[in-house]
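Dear colleague,

Please find below the sequence and the structure that I am handing over to you. My findings follow directly after them.

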Amino acid sequence: GQTMVFKYFNWLYWSINLGSLASFSFLAYIQQNINFFIGYLIPFVGLIVAFLLFLVGTFSYIRKEAEFPVLSTIFK
């Protein structure tokens, strides 16, 4: 129920913060001191892995047709 929604956004928020911390510390260090290209390659590989996980997970999504016009309900 409602507790699951809070847990989801809690994990989402922490993931965003940890990603920001990694990019401003770890990746900045790599770009400045080791190799600029590798500093961009690491997030690119992470993006590709995340996209592949998204594609693999699409088979477990619950698909449900809308029971009413969603846009007209939003604009009421």
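Phe9 is partly exposed, at a relative accessible area of 48%; here buried means under 20% relative accessible area, exposed over 50%, and partly exposed in between, with a 1.4 Å probe and protein chains only. The ring of Phe9 has its centre 5.0 Å from that of Tyr8, with the planes at 75 degrees, so the two form an edge-to-face pair. Rings of Phe, Tyr and Trp (its six-membered ring) are taken as a pair if their centres lie within 6.5 Å; planes under 30 degrees apart count as stacked, over 60 as edge-to-face and the rest as tilted.

This is a predicted model, in which local features need a pLDDT of at least 70 and side-chain atom pairs count only at pLDDT 80 or more, while totals for chains, interfaces and linings use all residues. Residues are numbered from 1 along each chain as its sequence is written, and side-chain values use heavy atoms, with hydrogens and water left out.

The structure holds two aromatic pairs. Besides the pair of Tyr8 and Phe9, Phe36 and Tyr40 form an edge-to-face pair, with 5.1 Å from centre to centre and 65 degrees between the planes. Phe36 and Tyr40 both belong to helix H2 (residues 36-57), where they are four residues apart, about one turn of the helix. Tyr40 is exposed, with a relative accessible area of 53%.

As to the overall fold, the protein chain has three helices and zero strands, which gives the order α-α-α from the N terminus on. Helices (H or I, at least four residues) and strands (E, at least two) are DSSP runs, numbered from the N terminus. The radius of gyration of the protein chain is 19 Å, well over the 11 Å that the globule rule gives for 76 residues, so the chain is more spread out than a compact globule. That radius is taken over C-alpha atoms, and the globule rule is 2.2 Å times the number of residues to the power 0.38. The C-alpha trace spans about 55 × 25 × 25 Å along its principal axes.

Buried residues make up 7% of the 76 residues in the protein chain. The accessible surface of the chain comes to about 7,400 Å², and 73% of it belongs to carbon and sulfur atoms; these areas come from the Shrake-Rupley method with a 1.4 Å probe, and for residues only the protein chains shown count as cover.

At the start of H2, a side-chain oxygen of Asn35 comes within 3.0 Å of the backbone nitrogen of Phe37. Pro43 lies in H2 and is partly exposed, with a relative accessible area of 37%. The C-alpha atoms of Pro43 and Ser23 are 8.7 Å apart in space, although 20 residues separate the two in sequence. Ala50 is also found in H2 and is partly exposed at 42%; its C-alpha atom is separated by 18 Å from that of Leu21, 29 residues away along the chain.

In helix H1 (residues 2-34) one finds Tyr13, which counts as exposed at 55% relative accessibility. Tyr13 and Gly39 are 26 residues apart in sequence and 24 Å apart in space, C-alpha to C-alpha. Ser15 is placed in H1 and is partly exposed, with a relative accessible area of 46%.

Finally, on confidence: the protein chain averages a pLDDT of 85, and 93% of the residues score at least 70. pLDDT is the predictor's confidence in each residue, from 0 to 100. Among the elements, H2 has the highest mean pLDDT (92) and helix H3 (residues 70-74) the lowest (73). Where pLDDT is low, the predicted coordinates should not be read in detail.

With kind regards

Key:
Polar contact = N/O pair within 3.5 Å; in protein donor to acceptor, adjacent residues only side chain to side chain.
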